[in-house]
Amino acid sequence: MVITIASGKGGAGKTFIACSLARELAKNHRVLLVDADCECPNTRIFFPGAKLKEEKAVKTFYPELEKKLCNRCGACARVCKTHAIFTAKDGYPAILQELCNACGACFIACKQNALKKRFREIGKIREFEISSHFSLIEGELFPGEEESIPVLRELWKRAEKILGEVDFVVIDSPPGVRCASLFCIEKSCAVLLVAEASEFGISDALRVAKACEFLQKNFFVVLNKAGKDSSEFPEAEKMIQCIPFSREILERCAKGVLPEREEIKALAEFVVKLHEKNSGG
């Protein structure tokens with residue numbers, strides 16, 4: 001079962017929930033933790049004893065123009081959704097390789113074959129062994145790069161090779177609603193939406209909830225950092241867990257230590273029952 005841990009904003013506690021849940025599930029099941037927050041992969045700080053098994057470079061392609069073949073039709077610029085290609089003053093396409101997400105549309109649009117593929121390294125995929133039945137894979141996008149989707153594609157290819165060997169896959173998704181976040185949600189069987197118990201946090205969480213509904217993914221809400229006067233998620237039936245604000249959690253997480261919490265144990269039990277229900281167990 002693939003569970004994506006999502007949040008509407010950074011700092012909601014998504015990584016804390018993802019790592020704690022994966023560790024709790026790993027006590028009785030085979031688990032793969034996927035750090036898909038490629039711009040800031042940090043799940044590994046909670047598992048300092050993890051052993052590096054494999055590291056792989058991630059390369060992506062981008063178009064390079066051969067001017068002698070170009071007739072300046074502008075087709076490549078028109079189909080580029082990331083605006084990595086635009087028409088310069090001389091009529092020839094100008095290419096910003098850092099904005100290219102390697103979709104390949106420009107190569108299809110160019111009938112003159114004036115675009116050639118060039119490759120460059122943009123990140124890394126690393127696989128770690130935490131225990132005999134608990135693994136971690138992370139994707140890292142190099143600083144200065146704009147597009148994490150090519151890294152996510154390679155990260156998921158690696159995850160797919162392990163799916164048959166584990167009971168649960170826990171994905172630590174990038175925060176917010178963007179291509180990288182939607183990529184993770186789309187791969188999941190269910191989504192645990194971590195909502196910070198503030199007006200701002202709930203507002204952003206609702207945007208992720210709408211994305212889950214659009215993608216037809218079942219989601220459940222974990223309200224984090226809750227207090228006496230905190231905001232509540234409006235869809236009360238989606239609430240499965242509430243974690244109160246705790247200085248202990250903040251201090252221990254700042255030191256790279258996951259505290260043992262009854263709320264996390266209950267959350268793991270919920271996920272196991274959900275898996276049994278979905279699999280007909």
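Q: Are K14 and D37 buried or exposed?
A: Both K14 and D37 are buried (under 20% relative accessible area; exposed is over 50% and partly exposed in between, with a 1.4 Å probe and protein chains only). This is a predicted model, where local features need pLDDT of at least 70, side-chain atom pairs count only at pLDDT 80 or more, and totals for chains, interfaces and linings use all residues. Residues are numbered from 1 along each chain as its sequence is written, and side-chain values use heavy atoms, with hydrogens and water left out.

Q: What does K14 form with D37?
A: A salt bridge, with the closest N and O atoms 3.9 Å apart. The term means a side-chain nitrogen of Lys or Arg within 4 Å of a carboxyl oxygen of Asp or Glu.

Q: Where do K14 and D37 lie?
A: K14 is in helix α1 and D37 is in the loop between β2 (31-35) and β3 (51-65), so the pair ties together parts 23 residues apart in sequence. Helices (H or I, at least four residues) and strands (E, at least two) are DSSP runs, numbered from the N terminus.

Q: How many residues of α1 are buried?
A: 11 of its 12 residues, so α1 is mostly covered. Among the buried ones are F16, I17, L21 and L25.

Q: And what span does α1 reach?
A: From first C-alpha to last, α1 reaches 16 Å, close to the 16 Å expected at 1.5 Å a residue. The expected span is 1.5 Å times one less than the number of residues.

Q: Which side chain meets R23 in a salt bridge?
A: That of E260, at 3.6 Å from N to O. E260 lies in the loop between α7 and α8 (262-278) and R23 in helix α1, so this pair ties together parts 237 residues apart in sequence. E260 counts as partly exposed at 47% relative accessibility, and R23 counts as partly exposed at 22%.

Q: How many salt bridges does the structure hold?
A: There are 26. One of them joins K67 and D90, with the closest N and O atoms 3.7 Å apart. That pair links distant parts of the chain, K67 being in the loop between β3 and α2 (75-79) and D90 in the loop between β4 (85-87) and β5 (93-95).

Q: Changing topic: what volume does the largest pocket have?
A: About 460 Å³. On a 1 Å grid over the protein atoms alone, a pocket is an open set of points where a 1.4 Å probe fits, with protein on both sides within 12 Å along at least five of seven lines; lining residues have an atom within 4 Å of a point. Grid points are joined across faces, edges and corners, and the volume is the space filled by probe spheres set on the points.

Q: What about the second largest pocket, what is its volume?
A: About 180 Å³. Of the 15 residues that line the second largest pocket, S132, S135, I162, E165 and V166 are closest to its centre.
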